[in-house]
Amino acid sequence: MVSLHFELALTSLLHASSRALLSKASSIAKKATAKHHFNVTRSLTSVPSPPDGSFKDGKPTLQYAKALPKTFASMTNEQVLQFAEMEIPEACRECIIRDIMVVDQIEYDDAMKIFKKIAETNRRGMQLYALPFYTGFGAAFTAGIFSVPLVFHLDMVNWFNDKFVTAEMPPPEDVVTALEVGSASWGWMEPILGQVSFFLLCMQFARSQLQNLGVRPYFNWQRNMRAEYLVTQFPEYDAEFLRNYSKIDKIVGPHEMSD
């Protein structure tokens, strides 16, 4: 299918461009086709072959379709580990449950009860860790809302002027409309809003560079703290499984787990 698409593209280029452009396009097409074939081959080699008789005329048989796992609990250990590496919350949970079964020598339902205790422990103090995020959101939202009346609302402008500026206001007949009020208040509001905007612009640029470096100082710190706390509370279970589950748990609320 990939080769067919490239052939059609090359045919169009043949009628629209010169021989030199066609030669260059052919070279690019061959490289892309070879790369695509390599990736597909590499991915297929890591997938175990299905049993004989699982497919007929390129389609799965009814017997093979019945074996499709529909829950994480019905997946193999290899499948669960693979999804856990992809940071799927249900798979991380499943790793802990199966580790509990092995360590405590209990069945699945009993292990699920212990996991619920682990999940509750992981949520302890979560609101405290979330406080800086809520504070930043609340401050930014409040400042954005109040910036409008502080520029265009006459009563708010007069109050702010009396408390913090003490500048001379135009006569009442010159501050009738909102735009006239804004023109009068802009003399002291422009430096404030301009400086805040420039400061936020610099902080946004700095944050983008930290993201390029893969650095999230506070977020990574609090996530690691929660993970290590969970490990110390349940030292009998696999520390890596506990850390993985703790780190994928959302701050704002627990993940809604499917079966």
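Student: Where do I start if I want the order of helices and strands along the protein chain?

Tutor: Read along the sequence, this chain runs α-α-β-β-α-α-α-α-α-α-α-α-α-α. That pattern holds 12 helices and 2 strands. Helices (H or I, at least four residues) and strands (E, at least two) are DSSP runs, numbered from the N terminus. Please keep in mind that this is a predicted model, in which local features need pLDDT of at least 70 and side-chain atom pairs count only at pLDDT 80 or more, while totals for chains, interfaces and linings use all residues. Residues are numbered from 1 along each chain as its sequence is written, and side-chain values use heavy atoms, with hydrogens and water left out.

Student: What share of the residues in the protein chain is buried?

Tutor: Buried means under 20% relative accessible area, exposed means over 50%, and partly exposed is in between (1.4 Å probe, protein chains only). Here, buried residues make up 22% of the 259 residues. The accessible surface of the chain comes to about 18600 Å², and 63% of that belongs to carbon and sulfur atoms. Such areas come from the Shrake-Rupley method with a 1.4 Å probe; for residues, only the protein chains shown count as cover.

Student: Why is α5 described as largely enclosed by the rest of the structure?

Tutor: Because 12 of its 16 residues are buried. Among them are Cys92, Cys95, Ile96 and Ile97. The buried residues of α5 pack against α4 (77-85), α6 (108-122) and α12 (239-248); contact here means heavy atoms within 4.5 Å.

Student: Where does α7 bend?

Tutor: At proline 132, by about 35°. The bend at a residue is the angle between axes fitted to the seven residues ending there and the seven starting there. The end C-alpha atoms of α7 (residues 126-147) are 32 Å apart, in agreement with the 32 Å that its 22 residues should span. Met126, Tyr129 and Ala130 are buried in α7, and what covers its buried residues includes α6 and α11.

Student: Which residues is leucine 230 in contact with, leaving aside its neighbours within four places in sequence?

Tutor: They are Ile118, Thr121, Asn122, Leu242, Tyr245 and Ser246. Leucine 230 sits in helix α11 (residues 217-233) and is buried, at 0% relative accessibility.

Student: How many salt bridges does a search of the whole structure find?

Tutor: The general idea is that side chains of opposite charge can pair when their charged atoms come close. A salt bridge is a side-chain nitrogen of Lys or Arg within 4 Å of a carboxyl oxygen of Asp or Glu. The search finds 4 of them. In one, arginine 98 meets glutamate 94 at 3.1 Å, N to O. These two are 4 residues apart in helix α5, about one helical turn. Arginine 98 is buried at 17% relative accessible area, and glutamate 94 is buried at 0%.

Student: Which residue forms a salt bridge with aspartate 249?

Tutor: Arginine 123 does, with the closest N and O atoms 3.4 Å apart. Aspartate 249 lies in the segment after α12 and arginine 123 in the loop between α6 and α7, so the pair ties together parts that are 126 residues apart in sequence. There is also a network of salt bridges that links Glu228, Glu240 and Arg243.

Student: Is aspartate 57 buried or exposed?

Tutor: Exposed, with a relative accessible area of 72%. Aspartate 57 is in the loop between β1 (55-56) and β2 (59-60), and its phi is near 55°, a positive value in a residue other than glycine. Glutamate 87, in the loop between α4 and α5, has a positive phi of about 65° and is exposed at 54% relative accessibility.

Technical notes. Expected span 1.5 Å × (residues − 1).
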